[in-house]
Structure formats: C-alpha cells, structure tokens
Amino acid sequence: MSQFDVVILGGGSGGYACALRSSQLGLRAALIEENKLGGTCLHRGCIPTKALLHAGEVADSSRHSSDFGVNTQFIGIDMLAVNAYKDGVVSKLHKGLQGLVKSRNVTYIEGHGRLVSKNEVEVNGVNYTGKNIVLATGSYPKTLPGLDIDGTQIITSEQAISMDRVPKSVIVLGGGVIGCEFASVWKSFGAEVTIIEGLPHLIALEDESSSKGLERAFRKRGINFELGTRFKSASKDAKGVTVTLEDGKTFTAEVLLVAVGRGPVSANLGYEEAGLTMDRGYVIVDNKCRTNVPGIWAVGDLIPTLQLAHVGFGEGILVAEEIGGLNPRPINYDGVPRVTYSEPEVASVGLTTAQAKERGHDVVELNYDLAGNGKAQILKTAGAIKLVAAKNGPVLGIHMVGARVGELLAEAQLIFNWEAEASDVASLIHAHPTLSEAVGEAHLALAGKPLHAHG
Ligand SMILES: Cc1cc2nc3c(=O)[nH]c(=O)nc-3n(C[C@H](O)[C@H](O)[C@H](O)COP(=O)(O)OP(=O)(O)OC[C@H]3O[C@@H](n4cnc5c(N)ncnc54)[C@H](O)[C@@H]3O)c2cc1C
C-alpha cells in the first residue's frame, strides 16, 4: 500500500511523534527515515550527551567524595567504557522506539526521501502518496566560512559524542547550549577547556542573570572562556589547532569543537520545487505548522522555532491532531521549558527580564539564592532562582541555576503556563528538604512573606 493519510519525511523527534499520534487517531501513517529511527536527539544529541554528562557527574563525585567524608580515588576516565554505557542507553531506547512504531501500525520506510509533488514522496524509485505530507528532516551542525570540519582535530558534536579518548585540551567555539554542555563534560573528564563566544555572554538566549550564574560556576570549575570577540581563523599542525580571534588573541588546543549552531536539512529535497516558502533554508509555517502549500506541513528543527526535541514532539502531535480534526491549540513557545544540562544546570521557562520589558510589562523581579535551601547545601551546589513577574500580576518567567534544577521545571512550567501569581504558588506547601522548596520560597518572598530569605 503506498496511499496514506499522512506521509512523514524524517523519523526524528518531530517526525516519529507525528507518526505515533496520527496512528493513534486512526490515520494511516507512513514514516520515512534514511538513517536511524529516533534522529538526532536519540543517536547524536539529547540522549548520548546526557549520558556523557552523567558520566562526568560521576567522575566529579568521585573526585570530590572526601568533601562528604567518603574516601575514594579518582583514577581516570575509560572512554571505551563510557561509550559502551552511553551506547547501551541509546540502543535500549532505539529498540523500544522501533517496537513502539511497529506496534502502532505505522508503515516504516527505510531510505532517502524526496518531495516530488505536493502529495508524493519518492523513496528508492517508489512514490508514496499522502493526503498530507509532513516534512521533518531536522538539522545539521553548521560551521563558519573557512573553517573546515576534518572530523579529527576540528570536529562538531557529531564526532564529539563518540570520541575514543579524552583530549588534553579543547577549544569550544560557541558558548550556546551544546558548546557549554560539551565544555562541562570535558572539564569533568579532565581536559583543559576554553570556550570562545562572540556574544557578551555564555548561553546568551537565557536571562542575563542565568548566564552570569553559569559563568561564575564555570570560572570556579576552571573552565576558561573568552567572551565578546569574534572568531577570525583557525590553523592546524601536528600539535593541535590554533584559533585566532578578531582582536588578535590566539588559543591553541588539541581539538577544536565547532558549536556555532545548527541549520535546517532542506537542500535538494524538492521543497523549493514544490513552491514552499522558505527563509535561509528553514521552511516557513503558520501557528499550526502549515506551510503555504495546502496539505504540506513542517515540524521540528526544519522550521524556525526552538531547536529542542520536546518542541519537535509537540509540533508533531499538533500536526497529527490538526489533521485528525481535533483543532488543537497552537503552541505557546514562551511556555516551552529549556535546559542546559551542564554542571551546574541552567533551566528556564517564560520570559527573560529584557523580553518582559520589551513586551511592555511593568516588571518585578525576585532572586532567591540557593544558599538558603537545605537540599542545595546538602548537595553542595550554588545557584539561584529568579522570578520575573508582572507587577500585581502573573509570573512571567522562571530562571534557575544550580545542580539538578532542570527537574524543577515541571513545576515552573505549570506556574508559567497556568498564569499563576506568586500568591497562588506561595500557598502550596513544598516538601522539605527538596530543591523544589526553593521554588516555593522564591514565590513566598515575591508574595511578600519570605520564610528562609531576608527581605
Ligand atoms: C549535541 C546535541 C544535544 C542536544 N541536546 C538536546 C537536549 O538535551 N534536549 C532537547 O530537547 N534537544 C536537544 N537537542 C536538539 C534535538 O536533538 C533536536 O531539536 C531534535 O532532534 C529535532 O528533531 P527533528 O525531528 O526536527 O530532527 P532530527 O532529530 O534531526 O530528525 C530528522 C530525521 O530526518 C532524517 N532525514 C533527513 N532527511 C531525510 C531524507 N531526505 N529522507 C529520509 N530521512 C531523512 C534524518 O536522518 C533524521 O533522522 C540536541 C541536539 C544536539 C545536536
């Protein structure tokens, strides 16, 4: 059978979520994937990097165990064993996902697909026809003009996730989420790390207070960074890679990781020929992920929304439900939780102070230092929770820095998305001693009745 209700091109987070939800709604779905089901997130992104970060956390725990009265000796990192652990996690999830797709009766088609008309995708000479076509071809790691990725000395995240050794020294070009996560891993593994970022701050899309909190913590961990100066050139020799910045400063390291962002995979796939509106390679969609060509939809990293796996899931589900006639609500992208899984973690939802002001809110802010939180002291982590709120109105943004704060987003996103006011949250009792208590304490303070905080 090559006639479907939905033909989905790309089996990553966006594509497979759309396939699973489509079949749940009784739609006949085909999912086309040329590489591995699960895409970037499962095989080259979220999951392997978080496994590496966890191995880094274990390394740091063993290094610092005597701070807790436990005597161990940190001997070193066995990258083959780290990779075996990481690959084991990926492989288990991959098998689970393959089983899930099969059990939902999604027709899985292996091969390179190309859009050949507004309702057909061709794979290996066979045309698959869909009443709807969903494009979900994802993204690739970008580089800069004149900076050639050789895969050994100058690499991207694609090679960085499966290195067979810990480099002695690394330059990370780009202080965004991916750059900061790898910087954190390599530092934990014992490398000397320098981040080069052209913008004035690390993770510059976050609230400035979070960037500063991460910079403070990285400085303390001995992660070097150079901010506000742009990359000029790189040269290689047998000893390593030398990077020169526009101000003339140079840095040399064994490996250069290029983490300057990801671009959409959309070239030579028939998208332009189908008449799709595109911008710098991204497919442009409306708030229901509809392209300008009726019956063609696009989701995930291919469209210019937040490049996050859970955004891909959300968009895939949205499209399936729209096709299934459920008329779902468009996604409020402000309400999407964001995490940088470095040590310490940075987590946020909602607006930064700058964004809230730009949108005309009369803003009040509250900064709750984790020094006042029992569990943070037990974990020996530093950081803060910052609330951005409208004066006499709802909480507009929650910005957190500290170990494990990513786990606090579950509550933070409810607070933001349900437009809670500080007093609503202040009336909820939080378990003691947990890190989540800090969320409660911050709202108590903002509501004018601080408990374990001055003010
Ligand atoms: C190092 C790294 C760490 C990350 N960490 C996180 C994280 O912790 N949390 C998070 O939320 N996000 C994270 N991300 C981002 C996340 O991986 C992406 O946002 C997500 O994978 C996007 O999903 P997608 O479906 O749009 O694209 P992808 O996952 O890239 O999937 C696209 C799929 O389409 C296939 N494809 C492309 N062209 C064709 C074709 N012509 N024919 C057939 N198949 C095709 C590809 O093989 C691929 O499998 C990370 C990314 C990286 C690189």
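Contact here means heavy atoms within 4.5 Å. The model is predicted: local features need pLDDT of at least 70, side-chain atom pairs count only at pLDDT 80 or more, and totals for chains, interfaces and linings use all residues. Numbering starts from 1 along each chain as its sequence is written, and side-chain values use heavy atoms, without hydrogens or water.

**Stop 1: serine 210.** Select serine 210. It sits in helix H7, residues 208–221 (helices are DSSP runs of H or I with at least four residues, strands runs of E with at least two, numbered from the N terminus). Serine 210 is buried, at 0% relative accessible area (buried means under 20%, with a 1.4 Å probe and protein chains only). Now show its contacts beyond four places in sequence: Ile203, Val346, His399, Met400 and Val401.

**Stop 2: polar atoms.** Look at lysine 50. A side-chain N or O atom there is 2.7 Å from a ligand oxygen. At glycine 14, a backbone N or O atom lies 2.9 Å from an oxygen of the ligand. For a polar backbone atom of serine 13, the distance to a ligand oxygen is 3.1 Å. Alone, the ligand exposes 990 Å², and the protein buries 95% of that (Shrake-Rupley method, 1.4 Å probe).

Key: A polar contact is a pair of N or O atoms within 3.5 Å; within protein, one must be able to donate a hydrogen and the other to accept it, and residues adjacent in sequence count only if both atoms are side-chain atoms. Buried means under 20% relative accessible area, exposed over 50%, partly exposed in between (1.4 Å probe, protein chains only).
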